Amino acid sequence: MSSNHELMDYIKGLKKVAVAFSGGVDSTFLAYMCQKALGKDAVAITVASPYIPKWELEEAKELAKEIGIRHEIIPLPIHESVQNNPSDRCYRCKKVVFDQIIKRAKSIGIDMVVDGSNFDDTKDYRPGMKALKELKVDSPLLKCKWTKGMIREASEKAELKTYDKPAYACLLTRIPYDTNIDLQELIKIEKSEVYMMNLGFRAVRVRSHGDIARIEVAPDMREKLFDTDLLDKISETVKSYGYRYVAIEASGYAMGSLNKQIGK
């Protein structure tokens with residue numbers, strides 16, 4: 001099992017780094033470690049795009065400030081290569097996003113870009129990892145065999161408030177593959193998820209199937225969800241955002257549930 005010292009030594013060996021920073025569990029811990037190891041020679045770079053929830057961008061700003069790492073934000077529209085949400089969307093998107101991060105990093109004198117991929121990411125459908133290899137992006141947590149559990153435990157010890165943050169992904173993962181991306185649909189999804197989070201459902205996905213919103217909450221939160229008065233309020237509110245029907249996924253939230261349509 002890798003240790004903080006081994007990870008720290010690995011990062012120090014990189015000299016200067018730009019961290020692809022989303023504000024999630026992994027990238028926050030990595031940014032924290034890079035700041036500790038390299039100080040002013042570490043910078044966090046966040047992409048601001050229509051498929052990144054606004055609350056996540058604001059949270060990333062706050063986290064970077066708390067960590068004390070320099071933070072840069074790159075505005076990025078939806079690229080034409082992912083406009084139809086192809087099954088290799090993550091690969092195409094990563095190519096575009098990390099190309100921009102690499103360019104920004106080089107403009108400030110940094111040649112090495114690192115990301116928060118961890119050892120557990122080798123167990124799910126992750127076409128984006130191919131793009132990282134092609135662009136020579138380093139993944140210290142993966143290289144040092146840090147699992148999500150290890151990262152959460154170390155984050156808690158470091159008093160990072162992301163230690164128990166649920167896993168999130170960009171809003172494009174809420175839309176079935178081979179579906180044209182509509183900005184208004186992204187807005188509907190974001191509003192619906194923020195509403196559900198404000199009700200206390202931290203791990204939530206609103207999968208968008210045209211005029212149908214399919215809501216997934218953590219399996220252990222289904223009992224709270226299956227309250228008739230609450231369901232009525234959810235239905236009314238989510239429909240007010242533009243959906244005609246609101247459905248509940250009976251089995252609860254499952255990471256990458258829309259990947260089932262394409263296999264591994």
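A contact here means heavy atoms within 4.5 Å. In this predicted model, residues 24 or more positions apart account for 74% of those contacts in the chain that have a separation of 6 or more.

## Overall form

The chain contains ten helices and seven strands. Taken along the principal axes, the C-alpha atoms fill a box of roughly 55 × 40 × 35 Å, and buried residues make up 48% of the 264 residues.

Strands of a sheet pair through backbone hydrogen bonds, either parallel or antiparallel. Here, three strands form an open sheet in the order β5-β6-β7, and the pairing is mixed. The edges are taken by β5 (204-209) and β7 (245-248), each of which has a single partner strand, so one side of each is left without a neighbour in the sheet. From one strand to the next, the twist averages 25 degrees.

The pairing of β5 with β6 (residues 212-217) is antiparallel and runs over six bridges; within this pairing, Val204 has Val217 in β6 as its bridge partner. Helix α8 (residues 183-198) lies across β5 and β6, and its direction is at about 150 degrees to β5. Helix α10 (residues 228-240) also packs on the sheet, where it touches β6 and β7 and makes an angle of about 135 degrees with the direction of β7.

## Salt bridges

Side chains of opposite charge can pair when their charged atoms come close. The structure holds 18 salt bridges, among them the three set out below.

| Salt bridge | N to O distance | Relative accessibility |
|---|---|---|
| Lys143 and Asp138 | 2.9 Å | Lys143 51%, Asp138 7% |
| Arg207 and Glu216 | 3.3 Å | Arg207 2%, Glu216 1% |
| Arg244 and Asp211 | 4.0 Å | Arg244 55%, Asp211 30% |

The surroundings of these pairs can be read from the last column. Lys143 counts as exposed at 51%, whereas Asp138, its partner, is buried at 7%. In the pair of Arg207 and Glu216, Glu216 is buried with 1% relative accessibility, and Arg207 is buried with 2%. Arg207 and Glu216 also belong to a network of salt bridges that links them with Arg214 and Glu249.

The pair of Arg244 and Asp211 has its closest N and O atoms 4.0 Å apart. Arg244 lies in the loop between α10 and β7 and Asp211 in the loop between β5 and β6, so the pair ties together parts that are 33 residues apart in sequence. Arg244 counts as exposed at 55% relative accessibility, while Asp211 is partly exposed, with a relative accessible area of 30%.

When residues up to four places away in sequence are left out, Asp211 touches Tyr243 and Tyr245 as well as Arg244. Between the C-alpha atoms of Asp211 and Glu185, which are 26 residues apart along the chain, the separation is 9.4 Å.

## Helix α7 and its cover

An α-helix has 3.6 residues a turn, so residues three or four places apart point the same way. In helix α7 (residues 148-157), the residues Met150, Ile151, Ala154 and Ser155 are buried. These four cover an arc of only 130 degrees around the axis, which puts them on the same side of α7. The elements that cover the buried residues of α7 include α1 (4-12), α2 (25-38) and α6 (140-143). Just after α7, Glu159 takes a positive phi of about 60 degrees.

One of the covering helices, α2, is also the place of Thr28. Thr28 has a relative accessible area of 1% and is therefore buried, the limit being under 20%. Leaving out residues up to four places away in sequence, Thr28 touches Phe21, Gly23, Leu63, Ile67, Leu160 and Thr162.

Notes
Residues are numbered from 1 along each chain as its sequence is written. This is a predicted model: local features need pLDDT of at least 70, side-chain atom pairs count only at pLDDT 80 or more; totals for chains, interfaces and linings use all residues. Side-chain values use heavy atoms; hydrogens and water are left out. Two strands pair if DSSP finds at least two bridges between them. Helices (H or I, at least four residues) and strands (E, at least two) are DSSP runs, numbered from the N terminus. Axes are lines fitted to C-alpha atoms, for helices over the stretch in contact, and angles run from 0 to 180 degrees between N-to-C directions. A salt bridge is a side-chain nitrogen of Lys or Arg within 4 Å of a carboxyl oxygen of Asp or Glu. Buried means under 20% relative accessible area, exposed over 50%, partly exposed in between (1.4 Å probe, protein chains only). The arc is that of the directions from the helix axis to the C-beta atoms.
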